[in-house]
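Dear colleague,

I am passing on to you the structure that we spoke of, together with some notes on what turned up in it. Please look through the model first and then read on.

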Amino acid sequence: MFLRTPIALLTLLIAAIALVAACGNSGESVVAQPTALAPLGEITPITAEPGDSDGEPATSEPAPSGSVVAPAKFITTCGVCHTVAGTDAVGQVGPELTHIGSIASTRTGLDAEAYIRQSIEDPAAFLAPGFGPVMPPGLVGTLGDDFDAVVAYLVSLN
Ligand code: HEC
């Protein structure tokens, strides 16, 4: 009689421990899932940072080339042969003009604006290295009132 009660208590205790252990195990596996979600929370701010830094250059990049907008006639008349990065001028016949504002003054003794004017008025006066006399004369007439705007635009392309 006296011994039976402790044995019954022990049996209950063992059963209770087994239940707690079982709950503890299932509890751990449930906890493991939120733990796996935690890295996702860390990825979100990391993704947001490049987004911010991407936005800054994207805002500053168009500013230099956008300071003087490409005249429409430059795209239609000159863009068939010349490329200016970031515009619809994508021609491959003549030299790329993306940085002509800087390159122009290195070509001859003329300054950038004078060299660019001469390149359009008299294309054969000086040939850009590696190119033949393919650029047609008479484009000043084609540009008409837009001639000065096209020159100013090209001078601005540093
Ligand atoms: C049929 C193709 C063609 C067209 C159209 C054309 N070009 Fe050219 N352009 C060339 C070629 C080829 C050269 C390189 C030979 C030379 O210097 O003449 C050149 C050279 C130039 C240069 C000198 C580039 C350098 O790196 O020294 C400038 C500036 C230029 N072109 C501006 C223009 C402008 C502005 C127009 C439009 C009004 C125009 N081009 C239309 C073919 C063309």
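Predicted model: local features only at pLDDT ≥ 70, side-chain atom pairs only at ≥ 80, totals over all residues.

I began with the ligand, which is surrounded by 25 residues, the closest of them being Cys78, Cys81, Gly94, Phe131 and Met135. Sorted by class, this shell holds 20 nonpolar residues, four polar ones and one that is charged. At least two residues of the shell come from each of the helices α3 (72-78), α4 (100-107), α5 (112-121), α6 (139-143) and α7 (147-155).

I then turned to how α4 packs with α5, where the angle is about 85° and the axes lie 8 Å apart. Since angles of 65 to 115 degrees count as roughly perpendicular, α4 and α5 are therefore described in that way. On the α4 side the contact is made by Ile100, Gly101, Ala104, Ser105 and Arg107, which meet Ala112, Tyr115 and Ile116 of α5. The residues of this contact between α4 and α5 comprise five nonpolar, two polar and one charged.

The other pair is α5 with α7, which pack at about 130° with 9 Å between their axes, and that angle makes α5 oblique to α7. The crossing of these two helices, α5 and α7, is right-handed. Here Ala112, Glu113, Ile116 and Arg117 of α5 meet Val151, Leu154 and Val155 of α7, a contact whose residues are five nonpolar and two charged, with no polar ones.

Key
Residues numbered from 1 in each chain as written. Near = placed C-beta within 6 Å. Helix = DSSP H or I, 4+ residues; strand = E, 2+ residues; numbered from the N terminus. Nonpolar A, V, L, I, M, F, W, Y, C, P; charged D, E, K, R; others polar. Axes fitted to C-alpha atoms, helices over the stretch in contact; angles between N-to-C directions. Parallel < 35°, antiparallel > 145°, perpendicular 65-115°, else oblique. Left-handed = near helix turned anticlockwise from the far one by under 90°. Contact = placed C-beta atoms within 7 Å.
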